[in-house]
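I opened this entry to note what I looked up, going from the whole chain to a single pair of residues.

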Amino acid sequence: MPMAILLVIACLLGGALYGAAKGRSGTPWGQPVAMGCAIALIAVSMLQMTSRRSGLDIGLSVMERQQEILGYGSAKLLVERFPGRDVILIPDPYATDLVKAALVRGLETGGGEAFRIAETRARWQPPPEGEYPDPVPGEDDGLSLGAMLHGSDASELVVFGGYFPERLGRRLLNRKRLPTMVVLGSVSPEVEALLANGLVALAIDNRTDLPPWSHPREIPSDPDQAFSERYRVMPGHTSP
């Protein structure tokens, strides 16, 4: 449970106890305060329970909630289209730990037991010397085509979670020996070209015809509804 929710519950509980004590001592406002805090406490608890049943969490920032929903809906789709694949997750190296964790939480909730993250590559490490020597010049995170290919085969699903380096995209256009790749939430013109060539199997991006969510209250509580309202699915040319 998020710390903010725990603090709210603690304050409401304290207010209810304080109001009840004041009411017993004859203070006129004591009983109404106790009742109001108790009702609010019940409402917050029910809202938190509803959130838990959906598998996702409330009390998050808009960005975290968006990433949860993106992961939730994407995993359901990937399990359907690419069943039985081990997932290699490459998160956005520039995202905060909270945002990365929200995406993973959404993926695991949406995919359930059928969605297995076999490995997370926060930074691609250089492959053994002599294997796929194709560095991407100018990138500052050690990204390279060779490092992405190393250790990945056709039975695995490489999922880019929110970041896809543009220079890497241009190099992939000249390659055929690639694992199945999916891009979440970062669809650039380079990714669109890779979709057209069938080198990226699927991409999921924000819809551009809607204003961005500015407050968690604007986000539907049903994650399936939120996903369908906010994101668009872009299949690759050879996607199943």
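This is a predicted model: local features need pLDDT of at least 70, side-chain atom pairs count only at pLDDT 80 or more; totals for chains, interfaces and linings use all residues.

I looked up the accessible surface of the protein and found about 12,400 Å². Carbon and sulfur atoms hold 58% of that surface. I then looked up burial: 45% of the 240 residues of the protein count as buried.

Entry on the elements. I found eight helices and six strands in the protein. Read from the N terminus, the elements run α-α-α-β-α-β-α-β-α-β-α-β-α-β.

Entry on the sheet. In what order do the six strands lie in the sheet? I read the order as β2-β1-β3-β4-β5-β6, in an open sheet with mixed pairing. Strands β2 (116-120) and β6 (231-235) stand at the edges. Each has a single partner strand, so one side of each lacks a neighbour in the sheet.

Entry on one pair. As a reminder to myself, strands of a sheet pair through backbone hydrogen bonds, either parallel or antiparallel. In which sense does β1 pair with β2? Strand β1, residues 86-91, pairs with β2 in the parallel sense, over four bridges. Within this pair I picked out valine 87, which stands opposite isoleucine 117 in β2.

Note on methods. Residues are numbered from 1 along each chain as its sequence is written. Side-chain values use heavy atoms; hydrogens and water are left out. Helices (H or I, at least four residues) and strands (E, at least two) are DSSP runs, numbered from the N terminus. Buried means under 20% relative accessible area, exposed over 50%, partly exposed in between (1.4 Å probe, protein chains only). Accessible areas come from the Shrake-Rupley method with a 1.4 Å probe; for residues, only the protein chains shown count as cover. Two strands pair if DSSP finds at least two bridges between them.
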